[in-house]
Amino acid sequence: MFQKIKPYMGEYLRYTKRSAVSITAAVILSVAPYFLLYQIIAPLTAGQSLTPGFVMLRVGIAALCLAGNAVLYVHGLDLSHLSAYNTLRNLRTALQEKLECQPLGAIRELGNGRIKKVFTDDIETIELLLAHAIPEGVGNLVIPAVVLIAMFFADWKLALLSVASLPLGMLAMGMLFKLGTSRMEAYYAAAARMNNTIIEYINGMEVVKVFNRDGESYERFERDINYYRDMTLDWYRVCWPWMALYSSILPCVALFTLPVGGWFVLRGWSTLADYILVLCMTFAVGPPLLKALSFAGKIPQLNYKVEELERLLDHPPLKQSERPFEGSGYDIRMENLRFSYKDAEVIHGIDLDIGEGQMVALVGESGSGKSTLAKLLVHFYDLNGGRITLGGQDITDMSVESLNEQIAYVAQEQFLFNTSLYENIRIGRPDATREEVLRAASLAQCDEFLARFPKGIDSAAGDGGKMLSGGERQRIALARALLKDAPVIVLDEATAFIDPENEEKMNAAISEVIRGKTVLIIAHRLHTVIGADKIVVLDKGRVEAQGTHDELLQSSPVYQKLWAAAQQSVEWEVRA
């Protein structure tokens, strides 16, 4: 297990080693007073008298040892925590980098609750291993082992009595580990399930309230929390008896030495001085041994957490190379595309050409594969078959960063960070000047709603952009795309949240974004794409037809049906 952590420790490994040395020295100082106590007791049992100076000297040395123990122990923990927190930083950074290389679908399948648990709870628990279990465990385990060996030099018979309780304690510990690890996977699965349910319950609270589904939603919320509680209590209930046994027996080294050793002294098989010395040694063994064993119950959990982190990264990374974009032009070609969500194929052998500077629209019923094609073009997922080229270069034959530099993707759902609207727009091009950001916001028709904020574009967007409406968030997203000025634009239902009063403004913003670009646009309002160079009709993951608006009205039954529905929606109204 330590070998799995070591690569993330880097230069801070030496701090952990120095910490173990410091704590080992601290433990030595903590057991020294027991030997000083023996030096006082042994002469008294032999009938010898002690001078006050002799006693006070040993008391003074013992006090210095305890003070040194405190100083060295704190110094050791300081070093171990420095190493631990930097190691956790390295671990989180490495995990982030690997997650960024994975398909977005694989990340979403994990669920927000599980990702949060891994990045915070699970990684944080590893801090116990690095900051405490390694340095304190080593120091508190080495000294008892040395003292037990020293007992055999004093009196092998009494030493055997002292170690006689260890097999019983180890048996109890073994049973604890066996029962604990057998239920560990179910326990962590229940924790992940509870975290996902809590996040879903909070995110969906608005829908729950609007449709009066409090009872049903809370029932699931309560069920998963109770299941986690019951799983935890069942796990502890099985482990508690064995935990009590090993924590009582293992540190009690004098369990057999005290009664049986006294009988040995009465029979003359051992001397009283040796008996006192071994008893003092047992007192020196118990506290550090108990401290070392306090980490023993965490070891299986830490093993599991490291393995869980590794399993999280088991998904094959996104196929890409380190090459930059080297395409000639910005035409897009999709050849025999096949793609599956898990085991269900949703794109079936699609061929599509988008010429440089063309605007191509994807239309179709919900579930026909429009958004999936857009996500495949921006390389959110790897294909199961076929290929996509940009300017003749396969998108897997370039880095994701290089591909992202060529494409601006505006999705239906836009996430805004809880920072200023200015910074949210500047994400499109971090090196942009303030004048360029303001111009992009103006072209994206943001001026009207920015004027109502006291600080204008410097106002905070709120958590997830909650200070803005859906249409306003989409205009901020268009401003990002304008600022990025990429040669290829992908608009995935970018007008989904726009009301009729603002639709004209949004269309004007879109016109600015797509001017002179290669454009792939997905729209549920067909009248917004009738001027496209080509309209591609998708039906159940296949291309049903493609052509201009007029051509499709003549040749495609699926498009005719979509257009008829679009015309009806324009004429639709609510009557009291």
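Author: A strand here is a DSSP run of E at least two residues long, numbered from the N terminus. The model is a predicted one.

Reader: What is the phi of N336?
Author: Most residues other than glycine have a negative phi. N336 is not a glycine, yet its phi is positive. The value is about 50 degrees.

Reader: Is N336 buried, partly exposed or exposed?
Author: Partly exposed means between the 20% limit for buried and the 50% limit for exposed. The relative accessibility of N336 is 41%, so N336 counts as partly exposed.

Reader: Phi of Q445 is near what value?
Author: Q445 is a residue other than glycine, and its phi is positive. Q445 lies in the loop between α16 and α17 (447–450). Its relative accessibility of 26% makes Q445 partly exposed. Its phi is near 65 degrees.

Reader: How many helices and strands does the chain have?
Author: Both kinds of element occur in the chain. The count is 21 helices and 10 strands.

Reader: What share of the residues of the chain counts as buried?
Author: A residue is buried if its relative accessible area is under 20%. The chain has 576 residues. The buried share is 46%.

Reader: How much of the accessible surface of the chain belongs to carbon and sulfur atoms?
Author: The accessible surface comes to about 29100 Å². The part that belongs to carbon and sulfur atoms is 58%.

Reader: How is α16 oriented to α18: parallel, antiparallel, perpendicular or oblique?
Author: Helix α16 (residues 434–443) packs on helix α18 (residues 470–484) at an angle of about 130 degrees, with the axes 8 Å apart. That angle makes α16 oblique to α18.

Reader: Is the crossing of α16 and α18 left-handed or right-handed?
Author: α16 brings E436, V437, A440, A441 and L443 to the contact, and α18 brings A479, L482 and L483. By class, the contact has seven nonpolar residues, no polar ones and one charged. As for its hand, the crossing is right-handed.

Reader: Is α6 roughly parallel or roughly antiparallel to α10?
Author: Helix α6 (residues 156–163) and helix α10 (residues 254–267) have axes that come within 8 Å and cross at roughly 155 degrees. An angle over 145 degrees counts as roughly antiparallel. So α6 and α10 are roughly antiparallel.

Reader: How do the residues of the contact of α6 with α10 divide by class?
Author: The crossing of these two helices, α6 and α10, is right-handed. K157, L158, L161 and S162 of α6 meet F256, T257, V260, G261 and F264 of α10. The division is five nonpolar, three polar and one charged.

Reader: Which residues does N424 touch, leaving out those up to four places away in sequence?
Author: N424 is found in helix α15 (residues 421–426). N424 is buried, with a relative accessible area of 0%. The residues touched are L416, F417, T419, A461, I476 and R480.

Reader: How far apart in space are Q102 and L318, C-alpha to C-alpha?
Author: Q102 sits in the loop between α3 (52–100) and α4 (104–110). Its relative accessible area is 5%, so Q102 is buried. In sequence, Q102 and L318 are 216 residues apart. In space, their C-alpha distance is 4.9 Å.

Reader: Which residues is S371 in contact with, leaving aside neighbours within four places in sequence?
Author: S371 is found in helix α13 (residues 370–377). A relative accessible area of 25% makes S371 partly exposed. The C-alpha atoms of S371 and A523, 152 residues apart along the chain, are separated by 9.9 Å. The contacts of S371 are D492 and I522.

Reader: What is the distance in space between L66 and L29, C-alpha to C-alpha?
Author: L66 belongs to helix α3. At 49% relative accessibility, L66 counts as partly exposed. L66 and L29 are 37 residues apart in sequence. Their C-alpha distance is 6.5 Å.

Note on methods: Residues are numbered from 1 along each chain as its sequence is written. This is a predicted model: local features need pLDDT of at least 70, side-chain atom pairs count only at pLDDT 80 or more; totals for chains, interfaces and linings use all residues. Side-chain values use heavy atoms; hydrogens and water are left out. Helices (H or I, at least four residues) and strands (E, at least two) are DSSP runs, numbered from the N terminus. Buried means under 20% relative accessible area, exposed over 50%, partly exposed in between (1.4 Å probe, protein chains only). Accessible areas come from the Shrake-Rupley method with a 1.4 Å probe; for residues, only the protein chains shown count as cover. Axes are lines fitted to C-alpha atoms, for helices over the stretch in contact, and angles run from 0 to 180 degrees between N-to-C directions. Angles under 35 degrees count as roughly parallel, over 145 as roughly antiparallel, 65 to 115 as roughly perpendicular and the rest as oblique. A crossing is left-handed if the near helix is turned anticlockwise from the far one by less than a right angle, and right-handed if clockwise. Contact means heavy atoms within 4.5 Å. Ala, Val, Leu, Ile, Met, Phe, Trp, Tyr, Cys and Pro count as nonpolar, Asp, Glu, Lys and Arg as charged, and the others, Gly among them, as polar.
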